[in-house]
Amino acid sequence: DLAGPDSLSFDTALASGATLLSHFLWAVVLELSGLTAICRKALVASVDSATVALALAAGHATNDEELLQRCYWCLRATMCGAAGVPAAWLDGRGRVKL
């Protein structure tokens with residue numbers, strides 16, 4: 001039983017990305033704070049350029065600040081690399097390109 005107060009033995013290492021994401025979303029919906037925290041910790045640790053889209057969707061759907069923050073930094077690193085954003089993005093004079 002993952003809902004009991006003494007049952008925080010969910011092994012995230014054995015769960016695939018989709019399973020972990022599913023457990024996280026259901027834990028939030030069912031207000032299982034212990035399981036939510038365990039899944040969040042594993043999700044935040046596993047966010048990379050291949051999983052950021054799903055993690056961002058889950059973070060947005062659940063309004064999870066910790067997950068959204070990790071997604072932001074992952075996207076920033078993916079888009080801009082170590083040098084950071086181009087200066088033209090910050091000066092406000094460039095055209096917006098979609």
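Val44 counts as buried at 17% relative accessibility, where buried means under 20% relative accessible area, exposed over 50% and partly exposed in between (1.4 Å probe, protein chains only). Val44 is placed in helix H2; helices (H or I, at least four residues) and strands (E, at least two) are DSSP runs, numbered from the N terminus.

The model is predicted, and local features need pLDDT of at least 70, side-chain atom pairs count only at pLDDT 80 or more, and totals for chains, interfaces and linings use all residues. Residues are numbered from 1 along each chain as its sequence is written, and side-chain values use heavy atoms, with hydrogens and water left out.

The protein chain contains five helices and zero strands, and its elements follow the order α-α-α-α-α from the N terminus. Of the 98 residues in the protein chain, 26% are buried.

Helix H3 spans residues 52-62, and its buried residues are Val52, Ala55, Ala58 and Gly59. These buried residues line one face of H3, because they fall within an arc of 130 degrees when seen down the helix axis; the arc is that of the directions from the helix axis to the C-beta atoms. Ala53, Leu54, His60 and Ala61, on the other side of H3, are exposed.

The loop between H3 and H4 holds Asn63 and Asp64. Asn63 is exposed, with a relative accessible area of 61%, and has a positive phi of about 55 degrees although it is not a glycine. Asp64, by contrast, is buried, its relative accessible area being 7%. A search of the whole structure finds one salt bridge, a term for a side-chain nitrogen of Lys or Arg within 4 Å of a carboxyl oxygen of Asp or Glu. Asp64 forms a salt bridge with Arg40, and the closest N and O atoms are 2.6 Å apart. Arg40 lies in helix H2 and Asp64 in the loop between H3 and H4, so the pair ties together parts that are 24 residues apart in sequence.

Asp64 also takes part in contacts at the start of H4. One of its side-chain oxygens reaches to within 3.3 Å of the backbone nitrogen of Glu66, and the side chain of Asp64 reaches the backbone nitrogen of Leu67 at 2.9 Å. Helix H4 itself (residues 65-80) has 16 residues and reaches 22 Å from its first C-alpha to its last, close to the 22 Å expected at 1.5 Å a residue; the expected span is 1.5 Å times one less than the number of residues. Buried in H4 are Leu67, Cys71, Cys74 and Cys80. Just after H4, Gly81 takes a positive phi of about 70 degrees.

A further region concerns the loop between helix H1 (17-29) and helix H2 (33-46), where Leu30 is found. Leu30 is exposed, with a relative accessible area of 53%. Together with Trp26 and Val29, Leu30 forms a nonpolar patch on the surface, with about 360 Å² of accessible area in total. Glu31 is found in the loop between H1 and H2. Glu31 is exposed, with a relative accessible area of 69%, and its phi is near 60 degrees, a positive value in a residue other than glycine.

Technical notes. A polar contact is a pair of N or O atoms within 3.5 Å; within protein, one must be able to donate a hydrogen and the other to accept it, and residues adjacent in sequence count only if both atoms are side-chain atoms. Patches are made of residues with over 30% relative accessible area and no salt bridge: like charges are joined within 9 Å, nonpolar side chains (Val, Leu, Ile, Met, Phe, Trp, Tyr) within 5 Å. Accessible areas come from the Shrake-Rupley method with a 1.4 Å probe; for residues, only the protein chains shown count as cover.
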